[in-house]
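Let's take a look at the charged pairs in this one. Have the sequence and the model open side by side.

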Amino acid sequence: MIRRHRPFDVGLLTNRTAVYAVLAAALGAVYFTLVTAVNALLPGPASGFAGALAVGALFQPVRHRVDRMLTPRQNTRSVRACPDEALATAAEAVKEALRQRGAAVEVGERLVVNGELGLRPHPLPLLRHGEPVGRLLLAGPPRPGEDRLVGVLLCHVADVAQAVRLNGDLQRSRRRILTGREDERRRLRRDLHDGLAPTLAGLGMSLDTAAITLRKNPGAVAPLLADVRERLSTAIGDIRELVYGLRPPSLDEFGLVEAIRTLAEQREPRAGNPTGPARRQTGKPGARADVRAGDLGELPAAVEVAAYRIAQEALLNVRRHARAASALVTLDRDGDLVLRVTDDGVGMAPGAVAGAGLRSMRERAAELGGTCVVRPRPGGGTIVTATLPLEDTS
């Protein structure tokens with residue numbers, strides 16, 4: 001029964017038995033050899049004392065050396081470093097434990113096989129907290145009486161599959177963050193090169209023309225200067241839009257709490273990069289939103305921008321999709337900055353796919369090493385909770 005189901009760590013027991021058997025034999029040989037040698041030179045109790053002293057001094061070094069020789073090396077590669085190897089190790093362990101011709105672990109598009117599955121493998125779902133995270137494929141159905149063992153194996157393999165799945169989600173999120181950052185830099189460079197730079201160059205040429213006209217025909221300078229003035233105002237507006245895209249000016253003018261309170265007072269907060277300071281929008285009135293905050297102290301600039309953008313997107317979703325009567329924004333500082341946006345609307349439909357707005361909020365939090373979780377509110381509605389770490393953030 002023990003050999004079949006392996007409920008105990010028989011391998012560890014066998015290894016420790018072998019270690020101490022070899023250790024006892026080695027130290028016993030040292031003891032008797034030393035006692036015989038000392039007794040031949042100095043007959044009496046000194047031989048036993050010398051042997052015991054030598055064995056006591058050699059016990060720990062010899063035990064350590066024998067343990068290293070007989071203990072199998074463990075695979076220390078993490079799931080993050082080599083997810084395929086982690087799945088392969090899990091598949092091999094399942095195959096050996098259930099004595100199958102082959103086993104495989106499937107997580108998303110990743111499939112790792114150990115042995116031969118055959119044409120019609122037997123699938124078993126991998127569940128973690130009731131949520132499917134992958135499948136375990138066996139060459140054939142488990143044998144009778146192995147239900148308990150299969151249940152234990154499924155729990156362990158599900159943990160590995162979940163770790164691999166989360167690692168993949170993390171890598172994809174990081175790629176999206178990097179891609180978004182590079183796209184934003186490319187947009188900024190394009191706006192500067194193709195929009196603002198030609199405008200400033202044209203203003204310089206217009207001023208040169210006005211200077212020449214001033215010497216030849218002073219009366220015709222006024223229309224030229226009026227045109228320069230108008231184009232200069234346009235260029236200032238373009239620069240302001242670029243600056244607003246980098247950091248909302250209301251953060252510097254009012255601070256995070258008042259900036260979010262201004263967003264809450266708007267009928268429909270703008271998402272993405274606003275074209276100016278917080279402005280009131282036209283349209284139907286939305287949900288009434290309140291803002292409550294404790295003493296936040298001084299916050300890093302990156303955390304302020306992330307919290308502002310997450311609150312902005314969350315309030316936009318409340319106004320556009322939630323059909324809520326009211327919403328509440330709370331900000332607390334307890335080691336991390338915790339932002340919550342709660343509404344009493346219709347909530348998210350079961351199985352709804354996260355849109356661009358929700359992904360944007362999660363990625364802004366993940367970029368700082370934080371999290372953004374969207375879950376149903378008891379009694380109806382939605383709760384958005386963003387946790388932004390304040391340490392090692394610049």
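Is E106 buried, partly exposed or exposed? E106 counts as partly exposed, because its relative accessibility is 21% and the cut-off for buried is under 20%.

## What we're looking at

This is a predicted model, and it holds five salt bridges. Side chains of opposite charge can pair when their charged atoms come close. Here are some of those pairs.

## Strand to strand: R135 and E106

E106 has a salt-bridge partner in R135, with 2.7 Å between the closest N and O atoms. R135 sits in strand β4 (residues 131–138) and E106 in strand β1 (residues 102–107), so this pair ties together parts that are 29 residues apart in sequence.

R135 is partly exposed too, at 36% relative accessibility.

## Helix to strand: R165 and E131

Strand β4 turns up again here. R165 makes a salt bridge with E131, and their closest N and O atoms are 3.3 Å apart. R165 belongs to helix α5 (residues 147–216) while E131 is in strand β4, so the pair links parts 34 residues apart in sequence.

As for accessibility, R165 is partly exposed at 28% relative accessible area, and E131 is partly exposed at 40%.

Conventions: Residues numbered from 1 in each chain as written. Predicted model: local features only at pLDDT ≥ 70, side-chain atom pairs only at ≥ 80, totals over all residues. Heavy atoms only, no water. Salt bridge = Lys/Arg side-chain N within 4 Å of Asp/Glu carboxyl O. Helix = DSSP H or I, 4+ residues; strand = E, 2+ residues; numbered from the N terminus. Buried < 20%, exposed > 50% of the residue type's maximum accessible area, 1.4 Å probe, protein only.
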